[in-house]
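Please look over the fold below.

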Amino acid sequence: TGEHQIEAHHAVSFKIGLKDQNMDVLANLHSQIGNINSPLYGKALTKAQIRDLVTLPEEDIQKVEAYLTKETGKFCDVVTRRSALHDYIYVDTCAAQAQEIFPNLDLAVYRKEGTNHLILRNSVLVDIAHNAYLLGFPHELHQFISGIHDVTDIPVHYTHISEKVDPSQPWSSDTEELTVKNMIDLFKVNYDGIDSSSFSADDGQVRQGVVEFNYVSFSASELASFQQRFGLPSNPIKKVIGSEEEEGQSVEASLDVQTITGISAHVQTWDFVFGPTASFNDVIETIMSTSGAPKVYSCSWGGTDEQYTESSAESVNQDFLKMGLNGMTFLIASGDSGPTLNGENCDSFNPQYP
């Protein structure tokens, strides 16, 4: 509305969650793979094995894809692709075409507080577990889908715009100096006798990943200065996956890569960058579909329990389960401010999630 009127050609992207099969089997396998007393201990599944266990029958997936694309070209094209495990269908189209797919969709513009980042979402927040029915998705397809993401799930800190967007400054933060020597002493890191040549090689198998949101990037020059100052081997970030153009360099991102390369000085590090509306489902799907991706990840970003509905939290939990079955480890932020989001009002319990 106002100066942000939605036009028919505005780009709209969303994803359809397909119902996972055999989750009880996966949960049991996950428990055994992590149990040192089990004969399956440490025997991770391949992505193909996980896909074979969780994926719907091919004809059922094709039914959903056929509905999504049946009106393609009426206003614009509908482009679909499957996730690596075939547990999501990603859809790129325009606002008018999305209205054809979801007859009850009422798009509105939302802005992230403190920024000028705008997104399109339904005018009313609806849990993904129920939004297929409320959006008018065909009843006969409900049995195949777990929910529709990035349509009715409005990210935290995004406000519905009724008229104008006031200019605002990008978010910024200060941080204290990080002393890598204290970390090395604390975790008793010892590089003596380590042959680092295979770690940093292009075909090396020892890799670690860092996950960032809000399109923020690290400072390569600051990372080099950090490593030089503390007598660490030169270890630049080997690969960046995703976009880091929108928000620019960030203290958070620089601190993340300095910390992980300070502890694991010889290990090849990849940086995965996501936008402010990306979910952990998006993160896991990107990692699982990236060839040669690291097996260990560190993420200093997170939210709180109240920001997730039960169904969306369960969806994330199932995707982390698949990731674990593939032999991956994901270390998540434990929280900055105790049991609350901002640490100021300690009269309620609102822990970090995931």
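Buried means under 20% relative accessible area, exposed means over 50%, and partly exposed lies in between (1.4 Å probe, protein chains only). By that scale, tyrosine 215 is partly exposed, at 23% relative accessibility. The structure is a predicted model, in which local features need pLDDT of at least 70, side-chain atom pairs count only at pLDDT 80 or more, and totals for chains, interfaces and linings use all residues. Residues are numbered from 1 along each chain as its sequence is written, and side-chain values use heavy atoms, with hydrogens and water left out.

**Overall**

The chain has 11 helices and 16 strands. Both are DSSP runs numbered from the N terminus: helices are H or I with at least four residues, strands are E with at least two. Of the 354 residues, 44% count as buried. Contact means heavy atoms within 4.5 Å. Among contacts in the chain with a separation of 6 or more, 78% come from residues 24 or more positions apart.

**Positive phi in loops**

Tyrosine 215 has a phi near 60°, a positive value in a residue other than glycine. It sits in the loop between strand 8 (207-212) and strand 9 (216-217). Histidine 86 also has a positive phi, near 60°, and is not a glycine. Its loop runs between strand 2 (79-82) and strand 3 (88-94). Histidine 86 is partly exposed, with a relative accessible area of 24%.

**Helix pairs**

Two packed helices are described by the angle between their axes and the distance between the axes. Axes are lines fitted to C-alpha atoms, for helices over the stretch in contact, and angles run from 0 to 180 degrees between N-to-C directions.

| Helix pair | Angle | Axis distance |
|---|---|---|
| Helix 1 (residues 23-33) and helix 2 (residues 47-54) | about 145° | 9 Å |
| Helix 8 (residues 220-229) and helix 9 (residues 251-263) | roughly 35° | within 10 Å |

Which residues make the contact of helix 8 with helix 9? Helix 8 supplies Glu222, Leu223, Phe226 and Gln227, and helix 9 supplies Ser254, Val257, Gln258, Thr261 and Gly262. These divide into 3 nonpolar, 5 polar and 1 charged. Here Ala, Val, Leu, Ile, Met, Phe, Trp, Tyr, Cys and Pro count as nonpolar, Asp, Glu, Lys and Arg as charged, and the others, Gly among them, as polar.

For helix 1 and helix 2, the contact is made by Met23, Val25, Leu26 and Leu29 of helix 1 and Ile50, Leu53 and Val54 of helix 2. That contact has 7 nonpolar residues, no polar and no charged.

**Helix 9**

Helix 9 has 13 residues and reaches 18 Å from its first C-alpha to its last, close to the 18 Å expected at 1.5 Å a residue. The expected span is 1.5 Å times one less than the number of residues. The buried residues of helix 9 include Ala253, Asp256 and Ile260. At the helix start, a side-chain oxygen of serine 250 comes within 3.0 Å of the backbone nitrogen of glutamate 252.

**Helix 11**

Helix 11 is largely enclosed by the rest of the structure, because 13 of its 16 residues are buried. Its end C-alpha atoms are 23 Å apart, in agreement with the 22 Å its residues should span at 1.5 Å a residue.

Serine 311 lies in helix 11 (residues 310-325). Its side chain joins that of aspartate 127 in a polar contact of 2.4 Å. A polar contact is a pair of N or O atoms within 3.5 Å; within protein, one must be able to donate a hydrogen and the other to accept it, and residues adjacent in sequence count only if both atoms are side-chain atoms. Leaving out residues up to four places away in sequence, serine 311 touches Asp127, Ile128 and Ala129. After helix 11 comes glycine 327, whose phi is positive, near 85°.
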